[in-house]
Amino acid sequence: FLNKFMQSFILSKDLLDKVSQFSAKECIRPSLAWVQVNIDDEWKITLASTDSYRLHEIQWWELKGKFPDYKNFFDTTTDPIKIDSDCVSCLIANCKQAISIDKGSYVRLWDWFCYVGNAIGKNEYEEIRLPSSYQFKLPHTVKINTKYLLEMLKSIPKNESVTIRNRGPLSSVNFQWNDNWVHTHLIMPLK
């Protein structure tokens with residue numbers, strides 16, 4: 001067992017950069033400022049990072065094996081909603097617009113539309129609807145931190161489609177896409 005981990009292997013810097021951007025900042029949450037690397041018995045490598053509000057995982061498919069225990073956080077039971085690359089670009093533009101007009105602490109996706117807003121009091125929100133051309137519809141409204149959504153969307157290669165899974169307005173929002181690796185990203189919604 002110990003000899004297996006004494007051997008060296010090479011990980012791509014791009015791979016580490018992609019997963020580490022979703023870990024906590026060392027000065028804010030030092031216990032979460034890391035990337036977990038799992039190597040199973042068949043040498044499949046899985047990288048994961050979290051800041052407690054979102055979780056990102058990358059699997060190295062050349063190697064085969066079992067998923068780590070944290071896989072329970074990812075929703076695999078609801079039907080995935082596919083978002084094409086044009087919708088991803090539109091979401092990126094909406095997030096940037098929300099941040100630029102200082103109305104973007106969260107993005108609320110619902111019924112083909114994108115709303116952005118800020119809390120102005122206890123259970124009070126100021127929202128505006130942004131122009132959008134989404135070709136997908138979520139079954140219920142979901143509020144997501146704008147900064148977290150934008151960081152994740154910007155890490156998706158151009159012309160890649162994404163699938164979203166979500167059980168309800170207070171359940172995690174799961175995003176998945178493929179490039180050379182399979183990326184699964186989880187963002188906790190806002191109340």
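Biologist: Asp-51: buried or exposed?
Modeller: Asp-51 is buried in this predicted model, at a relative accessible area of 7% (buried is under 20%, exposed over 50%, partly exposed in between; 1.4 Å probe, protein chains only).

Biologist: What does its side chain meet?
Modeller: The side chain of Asp-51 meets that of Arg-54 in a salt bridge, 2.9 Å from N to O (a side-chain nitrogen of Lys or Arg within 4 Å of a carboxyl oxygen of Asp or Glu).

Biologist: And Arg-54, buried or exposed?
Modeller: Arg-54 is buried, with 4% relative accessibility.

Biologist: Which other residue forms a salt bridge with Arg-54?
Modeller: Glu-151, and the closest N and O atoms of that pair are 2.5 Å apart. Glu-151 sits in helix α4 and Arg-54 in strand β3 (residues 54-60), so this bridge ties together parts that are 97 residues apart in sequence. Helices (H or I, at least four residues) and strands (E, at least two) are DSSP runs numbered from the N terminus.

Biologist: How accessible is Glu-151?
Modeller: Glu-151 is partly exposed, at 22% relative accessible area.

Biologist: How many salt bridges does the structure hold?
Modeller: Three. One of them joins the side chains of Arg-108 and Glu-127, 2.6 Å from N to O.

Biologist: Which parts does that pair tie together?
Modeller: Strands β5 (residues 106-110), with Arg-108, and β7 (residues 124-130), with Glu-127; the two parts are 19 residues apart in sequence. Arg-108 is buried at 16% relative accessible area, while Glu-127 is partly exposed at 29%.

Biologist: Which residues do shared partners join into one network?
Modeller: Asp-51, Arg-54 and Glu-151.

Biologist: Changing topic. What lines the largest pocket?
Modeller: Among the lining residues are Ser-85, Asp-86, Val-88, Ser-89 and Ile-92, and also Leu-153, Lys-154 and Pro-157. The elements that give two or more residues to this lining are α3 (85-100) and α4 (146-154). A pocket is an open set of points on a 1 Å grid over the protein atoms alone, where a 1.4 Å probe fits, with protein on both sides within 12 Å along at least five of seven lines; lining residues have an atom within 4 Å of a point.

Biologist: Which element gives the most to that lining?
Modeller: Helix α3, with five residues.

Biologist: What are the ground rules here?
Modeller: Residues are numbered from 1 along each chain as its sequence is written, and side-chain values use heavy atoms, without hydrogens or water. Local features need pLDDT of at least 70 and side-chain atom pairs 80 or more, while totals for chains, interfaces and linings use all residues.
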